[in-house]
Amino acid sequence: MDKMTDRELDQLLGLATKPVPATDSAARTAARAFAQVGKSNIVAFAPKAKPSAPKFTISWLAALPLAASLAAGVYLGALGSGSYVLPEILGGGAWTDEDAVLSGVEDMEELTDEDVS
Amino acid sequence: MALAITDTAIAGSRHVDDADLLALSAKGNRAAFTSLVERLHPLVHRVVWRLTRGHADTDDIAQEAFVKLWKHANDLRDNAAIKSWLLKVASNLAMDRHRNPATGVVEETFEIADTRPLADSTAMANWAQKRIDAALHALPERQRLAMALTHFEHLPNVVAAETMGVTVDALESLLARARRTLKESLAADKAELLSAVQMEGH
């Protein structure tokens, strides 16, 4: 058996398969890298969300009877015809002791023992 | 200055070197990274193919290596050594994936070529190619990697040694053993193989 020379071996190796990647391999590779790894120094700009306006906790539907009730109360109060439904303490006007003299002068004299008139 | 290069220029330019593209990639420039992949992917694919013996997951391994590059572009200290770094990552991935976990030996799943040459020239060429591929595939993985990097990809011995994490002397020793093994395994069919070479016009 002849001994194979380096040159002959190189010629034979020239016949070995030359692998060729698919044409879209590079594009798919880059796409996979971008999909798998988000760069920490790439910060996507996202506008700050505006604070939403406070929502009405009572809907218009619920507010209508409340407004009607308030209007009726004001109307009846103005006529004075609704006082019978109120407690006496509220319907009878302010309580006063008509005999009392509320000048406060007497009290002042008692406190100071001097004539302040 | 690399940072002054626009995306459009990068996408179309062949004058920007790998180190500049990597520097831009590290800053999150996708056009630069895509250009880098287009340049280096065929090389990585071929080396991985030789390590996996053309296994179906060659593409997947090559992709994984580039995902790591994109992920660690900031960490590479020597941008000029990108090719070596990438090939090292890809070859480690390929060897890890194709090593039998139980034995630590790379699985021998390739098809052994029929040793009988055929008369027809096309069939003869196909037979010769399979015979040579099988001889290459039968090499130990380190010798196969050394052959892939130096003989098939024509990388300088210094770069190949750096990629493999060995000294240049150790690399040359691997190459010498690989060539000796190939000569021995192909010697039986030397005449037929050389005639196939002549038919192919080599």
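At what angle do helix α5 (residues 82-98) of chain B and α8(B) pack, and how far apart are their axes? The first view gives the answer. The model shown in these views is predicted.

**View 1. Helices α5(B) and α8(B) pack at an angle of about 45°.**
Their axes lie 8 Å apart. Angles under 35 degrees count as roughly parallel and 65 to 115 as roughly perpendicular. The two helices are therefore oblique to each other. Their crossing is right-handed. From α5(B), the contact uses B:Ser84, B:Leu87 and B:Lys88. From α8(B), B:Val159, B:Glu162 and B:Thr163 take part. By class, the residues of this contact are two nonpolar, two polar and two charged. Two packed helices are described by the angle between their axes and the distance between the axes.

**View 2. Chain B is built with ten helices and zero strands.**
Along the sequence, the pattern reads α-α-α-α-α-α-α-α-α-α. Chain B has 202 residues, and 39% of them are buried. Consider the contacts in chain B with a separation of 6 or more. Of these, 58% join residues 24 or more positions apart.

**View 3. B:Arg53 has a positive phi in a loop of chain B.**
Its loop runs between α3 (30-52) and α4 (58-72) of chain B. Phi of B:Arg53 is near 60°, and the residue is not a glycine. Most residues other than glycine have a negative phi. Is B:Arg53 buried or exposed? It has 22 C-beta neighbours inside 10 Å, so B:Arg53 counts as buried. The cut-off for a buried residue is 20 or more.

**View 4. B:His154 also sits in a loop of chain B.**
This loop lies between α7 (141-152) and α8 (157-164) of chain B. B:His154 has a positive phi of about 55°, although it is not a glycine. Why does B:His154 count as exposed? It has 8 C-beta neighbours inside 10 Å. A residue counts as exposed at 12 or fewer.

**View 5. Chain A has five helices and zero strands.**
From the N terminus on, its elements run α-α-α-α-α. Of the 117 residues in chain A, buried residues make up 9%.

**View 6. Helix α3 of chain A covers residues 60-79.**
How many of the 20 residues of α3(A) are buried? The count is zero, and the helix is hardly covered. At 1.5 Å a residue, its 20 residues should span 28 Å. The end C-alpha atoms are 29 Å apart, which agrees. A:Gly80 follows α3(A). The phi of A:Gly80 is positive, near 75°.

**View 7. Chains A and B touch through residues of both.**
Chain A gives 26 residues to the contact, and chain B gives 38 residues. Which elements of chain A give two or more residues to the side that touches chain B? They are α1 (6-13) and α2 (25-36). The most comes from α2(A), with eight residues. What classes of residue make up this side of chain A? It has 15 nonpolar, seven polar and four charged residues.

Key. Residues numbered from 1 in each chain as written. Chains lettered and ligands numbered in written order. Predicted model: local features only at pLDDT ≥ 70, side-chain atom pairs only at ≥ 80, totals over all residues. Contact = placed C-beta atoms within 7 Å. Helix = DSSP H or I, 4+ residues; strand = E, 2+ residues; numbered from the N terminus. Nonpolar A, V, L, I, M, F, W, Y, C, P; charged D, E, K, R; others polar. Expected span 1.5 Å × (residues − 1). Axes fitted to C-alpha atoms, helices over the stretch in contact; angles between N-to-C directions. Parallel < 35°, antiparallel > 145°, perpendicular 65-115°, else oblique. Left-handed = near helix turned anticlockwise from the far one by under 90°.
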